[in-house]
Amino acid sequence: MHRIRIGSGAGYSGDRIEPAIDLAERGGLDYLVFECLAERTIALAQQARQRDPAGGYDPLLTVRMTAVLGACRRNGVRLITNMGAANPLGAAEATRAVARSLGLDGLRIAAVTGDDVLAVARELDVALEDGGTLRGLGDRVISANAYIGAGPIVEALAAGADVVITGRAADPALFLGPMVHEFGWRMDDWDALGRGTMAGHLLECAGQVTGGYFADPGVKDVPELARLGFPIGEIHADGTLELTKLPGTGGCVTPATVKEQLLYEIHDPARYYQPDVVADFSVAHVESDGPDRVRIHGGRGTARTGLLKLSIGYIDSCIGEGQISYAGPGAVERGRLALEIVRERLALTGVRTKELQFDLIGLDALHGDRLSRGHTPYEVRLRVAGRTATLEEAARIGNEVETLYTNGPAGGGGAWKSSREIVAVASALLPESAVRTSVTLLEA
(Lines give C-alpha, C1' and ligand atoms only; values in the text may rest on other atoms or scores of the structure.)
Protein backbone atom coordinates (compact mmCIF):
# COMPACT_ATOMS: atom_id res chain seq x y z
CA MET A 1 0.00 0.00 0.00
CA HIS A 2 1.41 3.38 -1.02
CA ARG A 3 -0.04 5.35 1.91
CA ILE A 4 -2.68 5.26 4.63
CA ARG A 5 -4.80 8.04 6.13
CA ILE A 6 -5.15 8.16 9.92
CA GLY A 7 -7.39 10.69 11.63
CA SER A 8 -7.09 11.79 15.24
CA GLY A 9 -10.53 11.73 16.86
CA ALA A 10 -9.59 12.84 20.38
CA GLY A 11 -6.58 14.09 22.28
CA TYR A 12 -7.91 13.45 25.78
CA SER A 13 -10.87 11.83 27.51
CA GLY A 14 -13.28 14.77 27.42
CA ASP A 15 -12.35 16.08 23.97
CA ARG A 16 -14.88 17.37 21.44
CA ILE A 17 -16.83 14.74 19.52
CA GLU A 18 -17.91 16.75 16.42
CA PRO A 19 -14.47 16.76 14.73
CA ALA A 20 -14.30 12.96 15.01
CA ILE A 21 -17.77 12.58 13.48
CA ASP A 22 -16.67 14.84 10.63
CA LEU A 23 -13.54 12.73 10.08
CA ALA A 24 -15.50 9.48 10.09
CA GLU A 25 -18.07 10.83 7.64
CA ARG A 26 -15.91 12.63 5.09
CA GLY A 27 -12.27 12.18 6.03
CA GLY A 28 -11.49 9.42 3.53
CA LEU A 29 -9.73 7.64 6.38
CA ASP A 30 -8.35 4.17 6.74
CA TYR A 31 -8.11 4.52 10.54
CA LEU A 32 -9.60 6.75 13.22
CA VAL A 33 -7.77 6.91 16.57
CA PHE A 34 -9.15 8.12 19.90
CA GLU A 35 -6.33 8.84 22.37
CA CYS A 36 -8.09 9.35 25.72
CA LEU A 37 -5.72 8.47 28.58
CA ALA A 38 -3.65 10.87 30.65
CA GLU A 39 -1.23 10.02 33.46
CA ARG A 40 -3.78 9.83 36.26
CA THR A 41 -6.78 8.84 34.15
CA ILE A 42 -6.13 5.13 34.42
CA ALA A 43 -5.67 5.27 38.20
CA LEU A 44 -9.03 7.03 38.48
CA ALA A 45 -10.48 4.38 36.16
CA GLN A 46 -9.12 1.65 38.44
CA GLN A 47 -10.91 3.33 41.36
CA ALA A 48 -14.11 3.37 39.31
CA ARG A 49 -13.74 -0.34 38.54
CA GLN A 50 -13.26 -1.10 42.24
CA ARG A 51 -16.66 0.51 42.83
CA ASP A 52 -18.23 -1.24 39.83
CA PRO A 53 -16.40 -4.27 38.35
CA ALA A 54 -18.26 -3.77 35.04
CA GLY A 55 -16.94 -0.20 34.75
CA GLY A 56 -13.47 1.29 34.64
CA TYR A 57 -13.46 2.21 30.95
CA ASP A 58 -13.81 5.72 29.55
CA PRO A 59 -17.17 7.23 30.58
CA LEU A 60 -17.67 8.67 27.10
CA LEU A 61 -16.96 5.41 25.27
CA THR A 62 -20.61 4.62 24.55
CA VAL A 63 -21.27 8.19 23.37
CA ARG A 64 -18.26 8.19 21.04
CA MET A 65 -18.93 4.74 19.64
CA THR A 66 -22.60 5.54 19.04
CA ALA A 67 -21.57 8.70 17.19
CA VAL A 68 -18.96 7.21 14.84
CA LEU A 69 -19.34 3.45 14.45
CA GLY A 70 -21.99 3.66 11.75
CA ALA A 71 -19.96 6.04 9.60
CA CYS A 72 -16.80 4.00 10.18
CA ARG A 73 -18.52 0.84 9.02
CA ARG A 74 -19.99 2.54 5.92
CA ASN A 75 -16.67 4.07 4.94
CA GLY A 76 -14.36 1.18 5.78
CA VAL A 77 -12.63 3.00 8.65
CA ARG A 78 -11.04 0.90 11.39
CA LEU A 79 -11.05 2.41 14.87
CA ILE A 80 -8.29 2.21 17.50
CA THR A 81 -8.54 3.62 21.02
CA ASN A 82 -7.19 3.38 24.55
CA MET A 83 -10.65 4.10 25.98
CA GLY A 84 -10.51 0.66 27.58
CA ALA A 85 -8.57 2.31 30.42
CA ALA A 86 -8.79 -0.08 33.41
CA ASN A 87 -11.21 -2.47 31.70
CA PRO A 88 -10.62 -3.10 27.97
CA LEU A 89 -12.79 -6.23 28.01
CA GLY A 90 -15.68 -4.30 29.55
CA ALA A 91 -15.18 -1.57 26.96
CA ALA A 92 -15.26 -4.16 24.16
CA GLU A 93 -18.51 -5.59 25.52
CA ALA A 94 -20.02 -2.10 25.70
CA THR A 95 -18.88 -1.42 22.13
CA ARG A 96 -20.43 -4.66 20.96
CA ALA A 97 -23.71 -3.58 22.57
CA VAL A 98 -23.54 -0.27 20.68
CA ALA A 99 -22.78 -2.09 17.41
CA ARG A 100 -25.78 -4.38 17.90
CA SER A 101 -28.04 -1.42 18.68
CA LEU A 102 -26.90 0.18 15.41
CA GLY A 103 -27.44 -3.01 13.42
CA LEU A 104 -23.74 -3.44 12.66
CA ASP A 105 -23.81 -7.22 12.55
CA GLY A 106 -20.44 -8.90 12.22
CA LEU A 107 -18.42 -5.95 13.54
CA ARG A 108 -15.27 -7.38 15.13
CA ILE A 109 -14.00 -5.78 18.33
CA ALA A 110 -10.63 -6.63 19.88
CA ALA A 111 -9.71 -6.00 23.50
CA VAL A 112 -6.00 -5.76 24.31
CA THR A 113 -5.17 -6.68 27.90
CA GLY A 114 -1.99 -7.21 29.90
CA ASP A 115 -0.98 -3.65 30.75
CA ASP A 116 -2.33 -4.06 34.31
CA VAL A 117 0.84 -5.28 36.05
CA LEU A 118 0.12 -4.45 39.69
CA ALA A 119 0.67 -8.03 40.84
CA VAL A 120 4.07 -8.44 39.17
CA ALA A 121 5.13 -4.92 40.19
CA ARG A 122 4.36 -5.80 43.82
CA GLU A 123 6.21 -9.10 43.51
CA LEU A 124 9.31 -7.35 42.13
CA ASP A 125 8.87 -4.35 44.48
CA VAL A 126 9.82 -2.05 41.61
CA ALA A 127 11.98 1.00 42.28
CA LEU A 128 10.25 4.37 41.94
CA GLU A 129 11.72 7.42 40.27
CA ASP A 130 11.99 9.22 43.63
CA GLY A 131 14.25 6.54 45.09
CA GLY A 132 11.58 4.65 47.01
CA THR A 133 9.93 1.35 46.16
CA LEU A 134 6.38 0.25 45.48
CA ARG A 135 6.22 -1.51 48.84
CA GLY A 136 6.93 1.81 50.53
CA LEU A 137 3.59 3.16 49.31
CA GLY A 138 1.81 0.49 51.34
CA ASP A 139 -1.93 0.09 50.96
CA ARG A 140 -2.25 3.49 49.27
CA VAL A 141 -1.48 1.94 45.85
CA ILE A 142 -4.42 1.86 43.43
CA SER A 143 -2.87 0.69 40.17
CA ALA A 144 0.26 -0.10 38.18
CA ASN A 145 -0.03 -0.09 34.41
CA ALA A 146 2.70 -0.60 31.83
CA TYR A 147 2.92 1.49 28.67
CA ILE A 148 2.65 -1.28 26.10
CA GLY A 149 3.66 -0.89 22.48
CA ALA A 150 2.21 -1.46 19.03
CA GLY A 151 2.65 -5.26 18.93
CA PRO A 152 -0.76 -6.35 20.27
CA ILE A 153 -2.51 -3.71 18.15
CA VAL A 154 -0.84 -5.19 15.07
CA GLU A 155 -1.94 -8.64 16.24
CA ALA A 156 -5.55 -7.47 16.63
CA LEU A 157 -5.61 -5.86 13.19
CA ALA A 158 -4.12 -8.99 11.62
CA ALA A 159 -6.95 -10.98 13.24
CA GLY A 160 -9.46 -8.81 11.38
CA ALA A 161 -10.55 -6.43 14.13
CA ASP A 162 -12.62 -3.45 13.00
CA VAL A 163 -12.23 -1.84 16.44
CA VAL A 164 -9.20 -2.24 18.71
CA ILE A 165 -9.54 -1.20 22.35
CA THR A 166 -6.51 -1.04 24.64
CA GLY A 167 -5.74 0.06 28.15
CA ARG A 168 -2.49 1.88 28.88
CA ALA A 169 -0.79 1.73 25.50
CA ALA A 170 1.80 4.37 24.71
CA ASP A 171 0.08 7.21 22.86
CA PRO A 172 2.14 7.02 19.63
CA ALA A 173 1.73 3.22 19.59
CA LEU A 174 -1.98 3.66 18.82
CA PHE A 175 -0.93 5.20 15.50
CA LEU A 176 2.20 3.12 14.96
CA GLY A 177 0.20 -0.14 15.11
CA PRO A 178 -1.73 0.42 11.87
CA MET A 179 1.44 1.58 10.09
CA VAL A 180 3.27 -1.61 11.02
CA HIS A 181 0.24 -3.67 9.99
CA GLU A 182 -0.29 -1.94 6.64
CA PHE A 183 3.32 -1.49 5.56
CA GLY A 184 4.72 -4.74 6.96
CA TRP A 185 7.46 -2.98 8.90
CA ARG A 186 9.67 -5.29 10.94
CA MET A 187 9.66 -4.63 14.66
CA ASP A 188 13.42 -4.12 14.49
CA ASP A 189 13.32 -1.64 11.60
CA TRP A 190 14.29 1.13 13.97
CA ASP A 191 14.25 3.99 11.48
CA ALA A 192 10.78 3.11 10.20
CA LEU A 193 9.49 2.72 13.77
CA GLY A 194 11.10 6.02 14.72
CA ARG A 195 9.41 7.83 11.85
CA GLY A 196 6.09 6.14 12.64
CA THR A 197 6.42 7.16 16.28
CA MET A 198 7.07 10.73 15.19
CA ALA A 199 3.88 10.68 13.12
CA GLY A 200 1.96 9.26 16.08
CA HIS A 201 3.35 11.90 18.41
CA LEU A 202 2.21 14.66 16.06
CA LEU A 203 -1.29 13.21 15.76
CA GLU A 204 -1.92 12.03 19.32
CA CYS A 205 -3.08 15.35 20.82
CA ALA A 206 -5.69 16.01 18.10
CA GLY A 207 -6.51 19.74 17.93
CA GLN A 208 -3.20 20.86 19.37
CA VAL A 209 -1.40 20.41 16.04
CA THR A 210 -4.19 22.12 14.08
CA GLY A 211 -3.77 25.31 16.08
CA GLY A 212 -5.57 24.73 19.38
CA TYR A 213 -2.60 24.76 21.75
CA PHE A 214 -0.73 27.03 19.37
CA ALA A 215 -3.13 29.99 19.33
CA ASP A 216 -2.05 33.29 20.91
CA PRO A 217 -4.16 36.30 19.79
CA GLY A 218 -2.16 39.02 18.10
CA VAL A 219 0.95 36.86 18.08
CA LYS A 220 -0.13 33.56 16.52
CA ASP A 221 -3.66 34.04 15.26
CA VAL A 222 -5.67 30.93 14.41
CA PRO A 223 -9.02 31.16 12.60
CA GLU A 224 -12.32 29.67 13.78
CA LEU A 225 -11.16 27.84 16.88
CA ALA A 226 -14.77 27.12 17.84
CA ARG A 227 -14.91 24.92 14.70
CA LEU A 228 -11.40 23.50 15.05
CA GLY A 229 -10.74 20.60 12.71
CA PHE A 230 -8.72 17.63 13.95
CA PRO A 231 -5.66 16.38 12.04
CA ILE A 232 -5.31 13.77 9.35
CA GLY A 233 -1.99 12.08 8.80
CA GLU A 234 -1.18 10.69 5.36
CA ILE A 235 1.63 8.24 6.04
CA HIS A 236 3.72 6.69 3.29
CA ALA A 237 5.46 3.33 3.38
CA ASP A 238 8.82 4.98 4.10
CA GLY A 239 7.35 6.79 7.14
CA THR A 240 7.03 10.19 5.48
CA LEU A 241 4.05 12.08 6.93
CA GLU A 242 1.83 14.67 5.29
CA LEU A 243 -0.27 16.38 7.93
CA THR A 244 -3.51 18.13 7.02
CA LYS A 245 -7.13 18.65 8.08
CA LEU A 246 -10.53 18.65 6.42
CA PRO A 247 -11.36 21.64 4.21
CA GLY A 248 -13.90 24.00 5.71
CA THR A 249 -12.89 23.32 9.30
CA GLY A 250 -11.32 25.83 11.66
CA GLY A 251 -7.72 26.00 12.76
CA CYS A 252 -4.61 25.70 10.64
CA VAL A 253 -1.79 23.30 9.84
CA THR A 254 1.53 25.08 9.35
CA PRO A 255 5.20 24.31 9.90
CA ALA A 256 4.96 26.34 13.12
CA THR A 257 2.03 24.35 14.56
CA VAL A 258 3.83 21.14 13.67
CA LYS A 259 7.16 22.18 15.20
CA GLU A 260 5.49 23.18 18.46
CA GLN A 261 3.69 19.84 18.71
CA LEU A 262 6.84 17.96 17.73
CA LEU A 263 8.55 19.31 20.85
CA TYR A 264 5.50 18.96 23.12
CA GLU A 265 6.28 16.88 26.25
CA ILE A 266 9.64 15.84 24.82
CA HIS A 267 12.64 15.79 27.15
CA ASP A 268 15.25 14.99 24.51
CA PRO A 269 14.14 15.16 20.84
CA ALA A 270 17.06 12.91 19.90
CA ARG A 271 16.06 10.16 22.34
CA TYR A 272 12.30 9.84 22.79
CA TYR A 273 11.89 6.60 24.72
CA GLN A 274 8.97 4.46 23.63
CA PRO A 275 8.17 0.77 24.16
CA ASP A 276 8.82 -0.01 20.49
CA VAL A 277 11.80 2.21 19.69
CA VAL A 278 13.95 5.09 20.86
CA ALA A 279 12.87 7.75 18.35
CA ASP A 280 15.06 10.57 17.11
CA PHE A 281 13.14 13.68 16.04
CA SER A 282 16.23 15.91 15.90
CA VAL A 283 16.86 15.11 12.22
CA ALA A 284 13.29 15.70 11.09
CA HIS A 285 12.52 18.09 8.24
CA VAL A 286 9.30 20.11 8.36
CA GLU A 287 8.15 21.97 5.26
CA SER A 288 4.96 23.48 3.90
CA ASP A 289 3.30 21.48 1.15
CA GLY A 290 0.40 23.83 0.42
CA PRO A 291 -2.42 25.43 2.40
CA ASP A 292 -3.04 23.50 5.64
CA ARG A 293 -0.65 20.79 4.54
CA VAL A 294 2.80 20.11 6.01
CA ARG A 295 5.27 17.41 5.02
CA ILE A 296 7.47 15.85 7.73
CA HIS A 297 10.27 13.43 6.93
CA GLY A 298 13.73 12.40 8.04
CA GLY A 299 13.12 11.00 11.52
CA ARG A 300 14.90 7.86 12.63
CA GLY A 301 15.25 5.49 15.58
CA THR A 302 17.46 3.15 17.54
CA ALA A 303 16.79 -0.11 19.38
CA ARG A 304 14.24 -0.07 22.20
CA THR A 305 15.57 -0.40 25.71
CA GLY A 306 13.72 -3.57 26.76
CA LEU A 307 12.18 -1.65 29.64
CA LEU A 308 8.61 -0.37 29.92
CA LYS A 309 7.50 2.65 31.86
CA LEU A 310 4.99 1.99 34.64
CA SER A 311 2.39 4.49 35.75
CA ILE A 312 1.63 3.79 39.41
CA GLY A 313 -1.43 5.45 40.90
CA TYR A 314 -1.72 5.92 44.65
CA ILE A 315 -3.59 8.00 47.22
CA ASP A 316 -1.21 10.81 48.14
CA SER A 317 -3.29 12.99 50.45
CA CYS A 318 -6.47 15.03 50.58
CA ILE A 319 -6.95 18.61 49.46
CA GLY A 320 -9.31 21.14 50.95
CA GLU A 321 -10.01 24.35 49.09
CA GLY A 322 -12.07 27.47 49.47
CA GLN A 323 -12.62 30.48 47.19
CA ILE A 324 -14.40 33.81 47.44
CA SER A 325 -14.36 36.98 45.28
CA TYR A 326 -13.89 40.67 46.03
CA ALA A 327 -14.53 43.49 43.57
CA GLY A 328 -14.56 47.26 43.39
CA PRO A 329 -12.37 49.87 45.12
CA GLY A 330 -10.05 48.27 47.64
CA ALA A 331 -10.63 44.74 46.30
CA VAL A 332 -6.96 43.79 46.67
CA GLU A 333 -6.72 45.17 50.21
CA ARG A 334 -9.87 43.34 51.28
CA GLY A 335 -8.63 40.16 49.64
CA ARG A 336 -5.30 40.38 51.47
CA LEU A 337 -7.07 40.98 54.77
CA ALA A 338 -9.28 37.96 54.11
CA LEU A 339 -6.21 35.79 53.47
CA GLU A 340 -4.69 36.86 56.77
CA ILE A 341 -7.94 36.11 58.58
CA VAL A 342 -8.06 32.59 57.14
CA ARG A 343 -4.38 32.02 57.84
CA GLU A 344 -4.87 32.96 61.49
CA ARG A 345 -8.12 31.00 61.80
CA LEU A 346 -6.51 27.80 60.52
CA ALA A 347 -3.81 28.19 63.18
CA LEU A 348 -6.25 29.10 65.97
CA THR A 349 -8.52 26.14 65.28
CA GLY A 350 -5.65 23.68 64.87
CA VAL A 351 -6.26 22.53 61.31
CA ARG A 352 -3.52 19.99 60.60
CA THR A 353 -2.04 20.52 57.13
CA LYS A 354 0.98 19.24 55.25
CA GLU A 355 1.04 22.23 52.91
CA LEU A 356 -0.91 25.47 52.49
CA GLN A 357 -1.30 27.85 49.57
CA PHE A 358 -2.77 31.37 49.80
CA ASP A 359 -3.51 33.16 46.50
CA LEU A 360 -5.32 36.13 45.07
CA ILE A 361 -6.27 34.97 41.59
CA GLY A 362 -5.84 37.90 39.22
CA LEU A 363 -2.92 39.24 41.22
CA ASP A 364 -0.36 36.70 42.37
CA ALA A 365 -1.73 33.17 41.98
CA LEU A 366 0.58 32.08 39.17
CA HIS A 367 3.84 33.96 39.58
CA GLY A 368 3.81 35.21 43.18
CA ASP A 369 4.02 38.79 44.38
CA ARG A 370 7.26 39.69 42.57
CA LEU A 371 5.52 40.15 39.22
CA SER A 372 2.32 41.68 40.60
CA ARG A 373 3.84 44.90 41.92
CA GLY A 374 2.31 48.05 40.49
CA HIS A 375 -0.72 46.13 39.26
CA THR A 376 -4.03 46.86 40.99
CA PRO A 377 -6.89 44.83 39.52
CA TYR A 378 -10.50 45.86 39.99
CA GLU A 379 -11.44 42.34 41.08
CA VAL A 380 -9.68 39.38 42.64
CA ARG A 381 -10.63 35.91 43.76
CA LEU A 382 -9.22 34.55 46.98
CA ARG A 383 -8.16 30.93 47.05
CA VAL A 384 -6.87 28.96 50.01
CA ALA A 385 -5.89 25.33 49.47
CA GLY A 386 -4.15 22.83 51.70
CA ARG A 387 -3.04 19.23 51.79
CA THR A 388 -4.18 17.12 54.72
CA ALA A 389 -4.20 13.50 55.83
CA THR A 390 -7.99 13.11 55.93
CA LEU A 391 -11.05 14.40 54.12
CA GLU A 392 -12.51 15.62 57.40
CA GLU A 393 -9.50 17.84 58.02
CA ALA A 394 -9.50 19.03 54.40
CA ALA A 395 -13.14 20.16 54.69
CA ARG A 396 -12.21 22.54 57.50
CA ILE A 397 -10.15 24.69 55.10
CA GLY A 398 -13.06 25.48 52.81
CA ASN A 399 -15.32 26.02 55.80
CA GLU A 400 -13.07 28.78 57.11
CA VAL A 401 -13.10 30.52 53.74
CA GLU A 402 -16.87 30.32 53.59
CA THR A 403 -17.18 32.07 56.97
CA LEU A 404 -15.74 35.19 55.35
CA TYR A 405 -19.25 35.83 54.03
CA THR A 406 -20.41 37.10 57.42
CA ASN A 407 -17.17 37.42 59.38
CA GLY A 408 -15.43 39.97 57.16
CA PRO A 409 -14.15 41.71 55.26
CA ALA A 410 -16.95 43.45 53.41
CA GLY A 411 -18.28 42.56 50.01
CA GLY A 412 -17.23 38.95 49.55
CA GLY A 413 -19.27 36.90 47.10
CA GLY A 414 -19.39 33.65 45.14
CA ALA A 415 -17.92 31.47 47.89
CA TRP A 416 -17.10 27.90 46.90
CA LYS A 417 -15.47 25.02 48.76
CA SER A 418 -14.43 21.43 48.15
CA SER A 419 -12.53 18.56 49.70
CA ARG A 420 -11.25 15.56 47.80
CA GLU A 421 -8.76 12.72 47.77
CA ILE A 422 -5.74 13.28 45.58
CA VAL A 423 -4.57 10.48 43.33
CA ALA A 424 -0.89 10.92 42.55
CA VAL A 425 1.27 9.13 40.00
CA ALA A 426 4.73 7.67 40.39
CA SER A 427 6.80 6.25 37.56
CA ALA A 428 8.93 3.12 37.50
CA LEU A 429 10.50 0.76 34.97
CA LEU A 430 9.69 -2.89 34.40
CA PRO A 431 11.43 -5.39 32.10
CA GLU A 432 9.45 -5.87 28.91
CA SER A 433 9.69 -9.62 29.44
CA ALA A 434 7.57 -9.33 32.62
CA VAL A 435 4.54 -8.05 30.66
CA ARG A 436 2.23 -10.48 28.89
CA THR A 437 -0.35 -8.98 26.56
CA SER A 438 -3.26 -10.80 24.96
CA VAL A 439 -5.97 -10.04 22.41
CA THR A 440 -9.61 -11.09 22.83
CA LEU A 441 -11.87 -10.83 19.77
CA LEU A 442 -15.62 -10.27 20.07
CA GLU A 443 -18.18 -10.04 17.28
CA ALA A 444 -21.44 -8.12 17.13
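Hi everyone, a word on ground rules. What you see is a predicted model, where local features need pLDDT of at least 70, side-chain atom pairs count only at pLDDT 80 or more, and totals for chains, interfaces and linings use all residues. Residues are numbered from 1 along each chain as its sequence is written, and side-chain values use heavy atoms, with hydrogens and water left out.

Let's start with helices α8, residues 190-203, and α9, residues 255-262. Helices here are DSSP runs of H or I with at least four residues, strands are E runs of at least two, and both are numbered from the N terminus. The two helices pack at an angle of about 105°, their axes 9 Å apart. Axes are lines fitted to C-alpha atoms, for helices over the stretch in contact, and angles run from 0 to 180 degrees between N-to-C directions. So α8 and α9 are roughly perpendicular, a label for 65 to 115 degrees. On the α8 side, the contact (heavy atoms within 4.5 Å) uses Met198, His201 and Leu202, and α9 brings Val258, Gln261 and Leu262.

Please keep an eye on Val258. Which residues does Val258 touch, leaving aside those up to four places away in sequence? They are Leu202, Val209, Leu243, Val253, Val286, Val294 and Ile296.

Val258 is also among the residues with the most contacts inside the largest nonpolar core, which has 68 residues. Such a core is a set of buried Ala, Val, Leu, Ile, Met, Phe, Trp, Tyr and Cys residues joined through side-chain atoms within 4.5 Å. Buried means under 20% relative accessible area, exposed over 50%, and partly exposed in between, using a 1.4 Å probe and protein chains only. Helix α7, residues 171-183, gives the most to this core, with seven residues.

Back to α8, which lies across β9, β10 and β13 and runs at about 120° to β13. Those strands form an open antiparallel sheet in the order β9-β10-β13, where pairing takes at least two DSSP bridges between two strands. Three bridges join β10 to β13, and Val278 stands opposite Thr302 in β13.

Finally, some backbone details. In the loop between α8 and β7 we find Ala206, with a positive phi of about 55° although it is not a glycine. Ala206 counts as buried, at 0% relative accessibility. Elsewhere, the peptide bond from Gly408 to Pro409 is cis, with omega near -5°.

Notes:
Parallel < 35°, antiparallel > 145°, perpendicular 65-115°, else oblique.
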